[in-house]
Amino acid sequence: AIYREEPVASSREDLYRTAEDLCMHKMSARLYSRLKAEVEIETRKLVENMSEANLASREKGDSFLVKFEGMWSNHCEHSNAIRSIFLYLDRTYVLQYAGEGIRSLWDLTVALFREAIASYPDLQSSLVKDVLSLIRDERSGESVNKTVVRKILHVFSTLSLYQKSFEPLFLEQSEGFYCAEGVRCMSEMTTPEYLTQVEKRLIEEADRVVMYMDTSTKPALMKAVEDQLLRRHMSTILSKGFNSLVERSKVAELRLLHRLFSRVSGEGLEKEAFAAYIKDTGGKIVNAKDRDKEMVQSLLDFKAQLDVVVEQAFGNEEAFAYTVKGSFEDFINLRQNKPAEMMAKYVDARLRSGRIDSAQAAGGGTPESGESEMEALLDRVMVLFRYINGKDVFEAFYKKDLAKRLLLNKSASFDLEKSMVTKLKTECGAAFTTKLEGMFKDMTLSTETMQSYLKSKHCTEYTEDCRARGVPSVGMYVHVL
């Protein structure tokens, strides 16, 4: 009567007491056996009718999944009603003999339903195919009934059919779908567009698991998407657009690329592409003999650009910082002594003028001439200085230029001159700057000697004598100088 949704002769309370009396009179085993047989018969009828409705609903174009979910919901209601009547049996006999294979009434009804479904493999196959079809349509952008998908997959989980019958086919379909999409999008989209599409798909699949799937599916599903959209195309992604992104400092796109590659352990390929770009671009700067005068400033600008990329796109990871360092050391010494020579001349020009032009300032800002900005510029030059092998060549040119600046009083700032020597001393040791520091001592001694002479009595008498005779004196020459 419950399965047919018909009224019963007695109230459910009377039926409960009758079942309790039977258990009290040691008839629990017989009652359980008869109940199991009756439920099995009714369940098979339900599933048989549903199997027949499967063909009919397909002929009429109705949604078979909705009907099946409704049938399952009714079965659950019927099972709960039966359990409420035989609750005493469920709490005594079942608990007493649970270790001997006696199931609870709920587990019994679920097991019988699962066995009935297994007797109709075409029905089970149709259910799985229909769910997979809805998921495929949703991935293609169509609107589908997500509620029924969630409910059907919950039924699969309850019946222990999810991992066995649904999940393998779902993962296989997912791999095929994203394999085709990866090839198609890789040929049609730019690198930033493709990366955006990949991230979108990863988010969609993660949401899909939360929406209506078992959480155990997520690792395998995400791996399938990553394999087909990322692992298979990493080399193509890098060769197609990586250099352009770095050259234009597209940090947002590079950050997305790095985040996606990190999911599939692709940082190694990423670093190789980064190093290749640095060596190629830097090599062109160093080997451009017709633009030697612009070499150092170009290298400074290039280094500043790479620093921004490493910081904002790659999260200041040490591996990428080391990639920049190693790549600079490789290409900056392609012409042996030339970068060292041009670096010394660049520093000479800056210390003579004491000014950073807007074209030379990092970031291309307005002209700046403060000593703090010059200090920052010298620090950046020292970073390049660390990469060159010909430090002795730099010393030779720097020493000659420093002597001219000091003797001819062409230096913009004595403090900056000393600061630069201190930086070199810190970098290369005291022996490297001994002669440079000797120049400052000589200049100081010369100034003190001249001032002492100018204050002496002999110089004063001589100057007055020269003035009386109308001829220049030493003091006048010193004043002019």
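Me: Which helices each supply at least two residues of the lining of the largest cavity?

Reply: H2 and helix H6 (105–118) do. This is a predicted model: local features need pLDDT of at least 70, side-chain atom pairs count only at pLDDT 80 or more, and totals for chains, interfaces and linings use all residues. Residues are numbered from 1 along each chain as its sequence is written, and side-chain values use heavy atoms, with hydrogens and water left out. Helices are DSSP runs (H or I, at least four residues), numbered from the N terminus.

Me: What makes a space a cavity, and what makes it a pocket?

Reply: Both are found on a 1 Å grid over the protein atoms alone. A cavity is a set of points where a 1.4 Å probe fits but cannot get out. A pocket is an open set with protein on both sides within 12 Å along at least five of seven lines. Lining residues have an atom within 4 Å of a point. The whole structure has two cavities of 30 Å³ or more. The largest cavity has a volume of about 40 Å³, and a volume is the space filled by probe spheres set on the points, joined across faces, edges and corners.

Me: Which residues line the largest cavity?

Reply: Glu-40, Thr-43, Arg-44, Leu-112, Glu-115 and Ala-116. By class, two are nonpolar, one is polar and three are charged. Ala, Val, Leu, Ile, Met, Phe, Trp, Tyr, Cys and Pro count as nonpolar, Asp, Glu, Lys and Arg as charged, and the others, Gly among them, as polar.

Me: How does the lining of the second largest cavity divide by class?

Reply: Into five nonpolar, two polar and no charged residues. Its largest share, three residues, comes from H6.

Me: What is the volume of the second largest pocket?

Reply: About 490 Å³. Of its 18 lining residues, the closest to its centre are Ile-2, Leu-35, Glu-38, Ile-85 and Phe-86. H2 gives the largest share of the lining, six residues.

Me: Why is the pair of Phe-166 and Phe-170 called stacked?

Reply: Rings of Phe, Tyr and Trp (its six-membered ring) pair if their centres lie within 6.5 Å; planes under 30 degrees apart count as stacked, over 60 as edge-to-face and the rest as tilted. Phe-166 and Phe-170 are 5.4 Å centre to centre, with 15° between the planes, so the pair is stacked. They are four residues apart in helix H9 (residues 162–188), so about one helical turn separates them.

Me: What makes the pair of Phe-328 and Tyr-387 tilted?

Reply: The angle between the planes is 40°, and the centres are 5.3 Å apart. So the pair is neither stacked nor edge-to-face, and counts as tilted. Phe-328 is in helix H16 and Tyr-387 in helix H18 (residues 371–387), 59 residues apart.

Me: How do you know whether Phe-328 is buried or exposed?

Reply: Buried means under 20% relative accessible area, exposed over 50%, partly exposed in between (1.4 Å probe, protein chains only). Phe-328 has 0%, so it counts as buried. Tyr-387 has 8%, so Tyr-387 is buried.

Me: What makes the phi of Glu-5 stand out?

Reply: Phi is positive, about 55°, although Glu-5 is not a glycine. Most residues other than glycine have a negative phi. Glu-5 has 56% relative accessibility, so Glu-5 counts as exposed.

Me: Why does the charged end of Lys-391 count as over the ring of Phe-385?

Reply: A charge sits over a ring if NZ of Lys or CZ of Arg is within 6 Å of the ring centre and within 35 degrees of the ring normal. The charged end of Lys-391 is 5.3 Å from the centre of the Phe-385 ring, and sits over that ring.
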